[in-house]
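Keep the 3D view open and follow along.

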Amino acid sequence: MPENKIPYKIYLKENEIPSKWYNVRADMKNKPAPLLNPATLKPMTAEELAPVFCDELIAQELNDTDAYIDIPEEIQDFYKMYRPSPLIRAYFLEKALDTPAKIYYKFEGNNTSGSHKLNSAIAQAYYAKKQGLKGVTTETGAGQWGTALSMACSYFGLDCKVYMVKVSYEQKPFRREVMRTYGASVTPSPSETTQIGRKILAEHPGTTGSLGCAISEAVEVAVGTEGYRYVLGSVLNQVLLHQSVIGLEAKAALDKYGVKPDVIIGCAGGGSNLGGLIAPFMGEKLRGEADYRIIAVEPASCPSFTRGKFAYDFCDTGMVCPLAKMYTLGSGFIPSANHAGGLRYHGMSSTLSQLYHDGFMEATSVEQTSVFQAAEQFARVEGILPAPESSHAIRVAIDEALKCKETGEEKTILFGLTGTGYFDMVAYEKYNDGVMTDYIPTDEDLAKGFAGLPKIDL
């Protein structure tokens with residue numbers, strides 16, 4: 001089809017929203033290592049996970065054989081409120097960069113939560129309601145996940161208790177108020193409300209918190225409160241499964257116009273956005289049907305992929321969760337108070353970690369001032385104010401497009417725009433005032449986190 005026939009926005013029809021999630025693990029020759037019971041060092045069973053997670057979500061978490069899993073009709077109906085999301089050809093960015101590259105982005109910010117997180121939040125709330133639970137607990141970094149979960153719980157009439165990383169709780173009060181508007185209780189973490197929170201505060205007075213801290217608190221409350229379970233917005237296999245709707249829609253939209261991306265780029269914190277975007281493309285790569293260059297982009301201040309170790313580690317700072325084999329900086333690592341709140345997790349999805357370890361994708365890290373420079377450039381030409389997390393992908397997409405300008409190659413670039421940045425104006429203010437700084441942990445800083453890795457010989 002001629003170039004000028006590709007529209008600015010490519011929408012699928014409502015009946016083209018995926019009716020099945022795609023489970024990339026089914027096509028992986030080397031499966032992700034299993035979660036381990038920290039007491040026995042044996043793979044966690046469904047029975048052992050039952051006090052923490054919802055039953056149906058446990059089944060999805062442990063399923064590495066079924067390539068496709070049906071999306072319940074009630075979840076499909078909810079998806080129709082804001083899906084399909086648009087795939088946008090970045091004509092204006094291409095023109096501004098004077099690049100021969102063709103740039104597309106999948107925009108997930110067209111819902112009240114402002115991000116892709118709602119895709120999994122509604123699924124997890126649905127299964128909690130189906131199980132007859134009273135409510136759920138969770139953690140949130142920048143607040144996108146907490147916002148999405150509060151919306152989903154409100155829809156199903158569930159109580160929602162959110163532990164929000166303290167630095168984000170203070171930097172992003174409006175995100176907190178959206179959660180409260182939807183009925184959630186929001187507590188800055190670490191807090192005095194849990195045993196683990198008090199322990200962390202005693203050991204690290206004045207800490208700005210981390211996702212690892214908040215996870216520990218949320219799990220403690222879930223396990224100790226009848227009728228509650230813990231839900232998570234990233235990292236876990238079940239979350240990547242739900243987020244596969246992003247990639248499935250993106251691929252279907254590109255296929256309509258016979259477009260095949262050469263480079264696929266996503267920001268990487270715990271893995272939900274990246275894993276969702278790349279899922280069907282990675283499936284083709286694993287099956288030998290096609291090849292793509294896939295790039296994970298993370299903040300230089302929290303470089304799990306690029307400087308972490310591939311090892312079993314605790315998923316939380318309080319060391320109460322199962323052990324996962326992943327690229328990690330150590331569960332005790334607390335990143336600097338950067339503005340990419342959703343990219344502050346010490347580890348990375350076991351699924352993505354295995355794919356990275358096996359050479360199916362690459363990773364790079366970027367500093368936050370360069371990230372915000374890219375965000376501002378994008379906002380001025382494309383008309384969308386991007387979230388700081390998404391802007392990591394924008395930074396590398398721009399860099400790749402500029403490389404094409406130098407070489408004359410007409411590569412096709414696809415990246416994930418996970419959401420909007422309207423609740424991140426403190427960060428934009430610091431950038432515009434010229435007071436934003438870059439922090440890169442030293443080898444000595446990282447050594448402290450690595451020192452806490454459990455000694456496991458398997």
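## Before we start

In β9, T137 has Y230 as its bridge partner, and that pair is a handy way into the model. This is a predicted model, where local features need pLDDT of at least 70, side-chain atom pairs count only at pLDDT 80 or more, and totals for chains, interfaces and linings use all residues. Residues are numbered from 1 along each chain as its sequence is written, and side-chain values use heavy atoms, with hydrogens and water left out.

Helices (H or I, at least four residues) and strands (E, at least two) are DSSP runs, numbered from the N terminus. Two strands count as paired if DSSP finds at least two bridges between them.

## The four-stranded sheet

The T137–Y230 bridge belongs to the pairing of β6 (residues 135-140) with β9, which is parallel and runs over three bridges. Zoom out and you find an open sheet of four strands, ordered β8-β7-β6-β9, with parallel pairing. At its edges sit β8 (185-189) and β9 (228-230), each pairing on one side only. From one strand to the next, the twist averages 20 degrees.

Now look at β6 and β7, which pair in the parallel sense over six bridges. Here V136 stands opposite C160 in β7. β7 is mostly covered, with five of its seven residues buried (buried means under 20% relative accessible area, exposed over 50%, and partly exposed in between, using a 1.4 Å probe and protein chains only).

Axes are lines fitted to C-alpha atoms, for helices over the stretch in contact, and angles run from 0 to 180 degrees between N-to-C directions. Helix α10 (residues 211-224) lies across β6, β7, β8 and β9, and runs at about 170 degrees to β6.

How do α6 and α8 pack? Helix α6 (residues 144-156) meets α8 at an angle of about 15 degrees, with their axes 8 Å apart. The two are therefore roughly parallel to each other (angles under 35 degrees count as roughly parallel, over 145 as roughly antiparallel, 65 to 115 as roughly perpendicular and the rest as oblique). Q144, G146, T147 and S150 of α6 make the contact with R175, V178 and M179 of α8. By residue type, that contact divides into two nonpolar, four polar and one charged. For sorting, Ala, Val, Leu, Ile, Met, Phe, Trp, Tyr, Cys and Pro count as nonpolar, Asp, Glu, Lys and Arg as charged, and the others, Gly among them, as polar.

## The seven-stranded sheet

There is also an open sheet of seven strands, in the order β1-β4-β5-β15-β10-β11-β14, and its pairing is mixed. β1 (9-10) and β14 (362-366) stand at the edges with a single partner strand each, so one side of each has no neighbour in the sheet. β1 pairs with β4 (residues 87-89) in the antiparallel sense over two bridges, and I10 has L87 as its bridge partner in β4.

Helix α16 (residues 388-407) packs on this sheet, touching β5 (102-107), β10 (263-267), β11 (293-299), β14 and β15 (412-417). The direction of α16 makes about 170 degrees with that of β15.

## A perpendicular helix pair

Finally, helix α15 (residues 368-382) and helix α17 (residues 425-432) pack at about 100 degrees, their axes 10 Å apart. They are therefore roughly perpendicular to each other. On the α15 side you'll find T369, F372, Q373, A375 and E376, which meet A427, Y428, Y431 and N432 in α17. This contact divides into five nonpolar residues, three polar and one charged.

Terms used
Contact = heavy atoms within 4.5 Å.
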